[in-house]
There are 2 protein chains.
Amino acid sequence: MKYALLVSYDGTDYGGWQIQKNAVTVQQKLSEALEKTLGFKVGVTASGRTDSGVHAAAQVCHFSAQTSVPAERLADALNFNLPSDISVLKSAAAPDDFDATASAKKKTYCYRLYVSGKRHPLKDRYSEHIKHQIDIEKLVEAGKFFEGEHDFKAYCAAGSQVKTTVRTVYSVEVKPRFSPLVTDVEVFVTGNGFLYNMVRTLVGTMLYFAAGRVSAEDIKRSLEQGDRNSVGKTMPAKGLTLEAVDYGFKLF
Amino acid sequence: MKYALLVSYDGTDYGGWQIQKNAVTVQQKLSEALEKTLGFKVGVTASGRTDSGVHAAAQVCHFSAQTSVPAERLADALNFNLPSDISVLKSAAAPDDFDATASAKKKTYCYRLYVSGKRHPLKDRYSEHIKHQIDIEKLVEAGKFFEGEHDFKAYCAAGSQVKTTVRTVYSVEVKPRFSPLVTDVEVFVTGNGFLYNMVRTLVGTMLYFAAGRVSAEDIKRSLEQGDRNSVGKTMPAKGLTLEAVDYGFKLF
């Protein structure tokens, strides 16, 4: 039997999704909870790795096992064995050929930032603090450059080994919320897949454009010729959350 | 010279506002930062104490001192000496007769909760998890009982020593936000002052009414006769945030 899990986690205290030496990871905690719950070891695969410190509102994973626990009851059983910063929101039986990574059609990430002269402790855990004012209209304009199919090799951390660096970004949506002391900005990016650090570098470049540090031509050159010189800095992990994975059918 | 500070803090790791033995408090951290910044000790007074674990988006404090630091520059100077979970958002010169406690005309607290069968790690720090469904219309109805001038002695933690337990609640606003897996609810309560634990007990009672555990008559009796039997449980501190203090004039 194949099972799918919808998982949310606060990535602050984890070395990302994937099991590794020298860091506690979400995959490790979930594997341990599965072993405690099922009584035997099983491998668990996610829609994609999230990096160290990145959060997930709705990561999707799969595993294969023979168990008498009803699929929809697995969530509560697993949560009993999980720490408070990881939670299984849904569990379900999945089609035999379902693969959380390979079957994913679209993913949506959100990068959150807040603009204020001062640090706001109640925002600081899941949102990056930007001290200087941002031209929101230019931020919206910058997002449009990335929509469509492009070779994002300039937006990929050096040393990544992937077959192709071509990805399709379906939309980049900038949602500001203005209040007297602070402007909160959410940048939602939906695509068919993302390279290592791609969303964080893309948002960093959007901020460079909004600040007048790179031009529209610079960004076009980065996409057409892979020119890294006009690419902004990679934004910190804590502002990034995996919001949704779309498989083209109702999984849960 | 009198100075006013607008302060935000994540109360998770503090034993509340007021200096005490056996716990690190926000007043203590702010006093230490003031001493480091000014070079001498000064007392600092807030609009009111917040309890252990309660947060503040905008607490107001005052202190008196002779200093050559311009009032509006004090915020950055203090933040340099404050931990990351406390931040001074604004600093200003205040009228000589200003007193953060006595001059306060209105305060607004927000109690946040989320309704879901499962724990959501990304909501859990500043919002209380409610597992059972809530009748939102009944929650709104419950809030109305508390509006107006009432004797809230049944909603005050036992053993409090205050001159009077009569307070005026100007408004109780329930703001739900519905999404597929979870309903977020914010309850904003504005009043001329609040007794110890009053907002948390008031929200607990609203939840009891929404669940049919107490009736409209029970709540009326609690307000008219101080009957504690129909009062709901005191909600956990982490869902509560002091949102605003109003002095009837522009302080910052």
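User: How much area do chain B and chain A bury between them?

Analyst: Buried area is the accessible area (1.4 Å probe) that two parts lose on being put together, summed over both. Here chain B and chain A bury about 2,100 Å² between them, and carbon and sulfur atoms account for 63% of it. On the chain B side, Lys118(B), Arg119(B) and Leu122(B) lose the most area to chain A, together 33% of what that side buries. With contact meaning heavy atoms within 4.5 Å, 28 residues from chain B and 28 residues from chain A take part.

User: On what conventions do these values rest?

Analyst: This is a predicted model, in which local features need pLDDT of at least 70 and side-chain atom pairs count only at pLDDT 80 or more, while totals for chains, interfaces and linings use all residues. Residues are numbered from 1 along each chain as its sequence is written, chains are lettered from A and ligands numbered from 1 in the order in which they are written, and side-chain values use heavy atoms, with hydrogens and water left out.

User: What radius of gyration does chain A have, and what would a compact globule have?

Analyst: The radius is taken over C-alpha atoms, and the globule rule is 2.2 Å times the number of residues to the power 0.38. For 252 residues a compact globule would have a value near 18 Å, and the 19 Å of chain A agrees with this. The C-alpha atoms of chain A fill a box of roughly 60 × 40 × 35 Å along the principal axes.

User: What share of the residues of chain A counts as buried?

Analyst: Buried means under 20% relative accessible area, exposed over 50%, and partly exposed in between (1.4 Å probe, protein chains only). In chain A, 57% of the 252 residues are buried.

User: How should I read a positive phi?

Analyst: Most residues other than glycine have a negative phi. In chain B, Asn22(B) has a positive phi, near 70 degrees, and Asn197(B) has a positive phi of about 70 degrees.

User: Where are Asn22(B) and Asn197(B) placed, and is each buried or exposed?

Analyst: Helices (H or I, at least four residues) and strands (E, at least two) are DSSP runs, numbered from the N terminus. Asn22(B) is in the loop between strand E1 (2-9) and helix H1 (26-38) of chain B; it counts as exposed because its relative accessibility is 84%. Asn197(B) lies in the loop between strand E9 (183-191) and helix H4 (198-210) of chain B, and with a relative accessible area of 15% Asn197(B) is buried.
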